[in-house]
Amino acid sequence: MISPFVQPPHPLAQEAAREVINKVHAYMRAHPESELHKQGKMFGVLVYSSELPHNSSYQYIAAFSAQLDGSYYHDGFIPPVYDMPHPPVGNTKEESRRLQRLLFANYSFINGKGESKSLLDIFSAEKPIIPADEWFTRNREKYNRNSENLPPAGTGECCAPKLLQYALTHNLQPFALAEFWIGAATETEIRHEGVFYTPCSGKCVPILRHMLQGLEIAPTQQALHTESLCRQIETIYEDDWLLVVNKPAGLLSVPGKKAELSVAEYLSQCRKTTIQATHRLDQDTSGLLVLAKHQEIYKSLQSYFQRRDILKRYEAVVRPAHNQQLIAQEGIISLPLLPNPYDRPRQMVDREHGKTAITRYIIREQRVDGSIFLDFYPRTGRTHQLRVHAAHPEGLNAPIIGDRLYGTSDVRMYLHAAEINFLHPISKEEMHFCIPSGF
């Protein structure tokens, strides 16, 4: 089976998805009152192999998350994992949690080894998820230590585990999976019609980690690819205190949860000393990265970034949604951002709980293919700030080309840290570096 986390999905899964999209669009035309016109929904397909005597053919099953227009059952889509007679509703908070526990105990998922686990068992070793409305109002460490670790509401009815459960319990050999959005966009998250997305980290990943055990997953070339990218790191400046490099797209800036080598780790190995990145660039972003050779330099440069004493310019290529044109040649985007507790590392716009995020942009070229080349000047440094501000309908409504989280996959994400200005923490000399993207 091809990993469900690989993007873009296998061509056979994409072909199956197009068939489902056409079918759902026909349903929407026949049902103008459908919820999909106001709020879209995630759909999914799983391509499986039916090995018949002297023949092998591919077919697929389809699913939608949770309910569609008040029902779990629609022709052409697989049934729910667990058919609950009534949704759990309690008169008190404790009663509601008791009913939720009972519900999650009845959701059981099988894996490739034939082992079944309930949602309660699957999530027992996971860190508790802090709801968005409590993210900035509670002590997160205390929350993680003391909170009962129930799965998030709605867990178990997302497309990926739903499809895989059906396949494994009906002796279908899973081959490739794809999830995609159909219908209107949401107000907080960035979901685009017909775009493919990987399974959400909060609800789906823990279930899939269990379900994929025992299945033969096709190997990826990521490790070899990372080594190749590390050799492409270009040193722009270096002295006894710091260095500035041009990071290739595809490399982590700092060590993360993945086993992939980061820029800081690679440079530390090459120079046989500890080198720390003083700021972060997203893995898919290329460009100028400043690293420190000494702890005091690291702290000084980090304080520069926190005080916004370092000026940065990014170059990007975006594509307006539905081929519309941007209204202004330049402007300011101010949309507060909050980590999506159910789908890390994605961010969402939240005007009540989000942190201030401000970006200035200047359009430099509108191209004949409909794409737009522009400069971003971030005034704050929130995670994925430029990517969300570009893609959100209240921002530019023009995702960065190649942004696999908020737009569509491409050969790379067309975002590049092109220019940076700061004072050297020792000499106090003004340091200025500019490496154009070539986009």
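Colleague: In β16, which residue is the bridge partner of R360?
Modeller: This is a predicted model: local features need pLDDT of at least 70, side-chain atom pairs count only at pLDDT 80 or more, and totals for chains, interfaces and linings use all residues. Residues are numbered from 1 along each chain as its sequence is written, and side-chain values use heavy atoms, with hydrogens and water left out. Strands are DSSP runs (E, at least two residues), and helices are runs of H or I (at least four), numbered from the N terminus. In β16, R360 has as its bridge partner Y377.

Colleague: Over how many bridges do β15 and β16 pair?
Modeller: Two strands pair if DSSP finds at least two bridges between them. Strand β15 covers residues 358–366. Its antiparallel pairing with β16 runs over seven bridges.

Colleague: Which residue in the turn between β15 and β16 has a positive phi?
Modeller: The two strands form a hairpin, with five residues between them. The positive phi is about 95°, and it belongs to G370.

Colleague: Which residue in β15 is the bridge partner of G331?
Modeller: Strand β12 (residues 330–334) pairs with β15 in the antiparallel sense, over five bridges. In β15, G331 is partnered by Y361.

Colleague: Why is β16 largely enclosed by the rest of the structure?
Modeller: Buried means under 20% relative accessible area, exposed over 50%, and partly exposed in between (1.4 Å probe, protein chains only). Strand β16 spans residues 372–378. It is largely enclosed because the buried residues among its seven number five.

Colleague: Which residues have the most contacts inside the largest nonpolar core?
Modeller: A nonpolar core is a set of buried Ala, Val, Leu, Ile, Met, Phe, Trp, Tyr and Cys residues joined through side-chain atoms within 4.5 Å. The largest one has 43 residues. Those with the most contacts inside it are L291 and F376.

Colleague: How many residues does the second, separate core have?
Modeller: It includes M1, I78, I122 and L177. Its total is 34.

Colleague: How many strands does the protein have?
Modeller: Buried residues make up 50% of its 439 residues. Its secondary structure comes to 10 helices, and the strands number 18.
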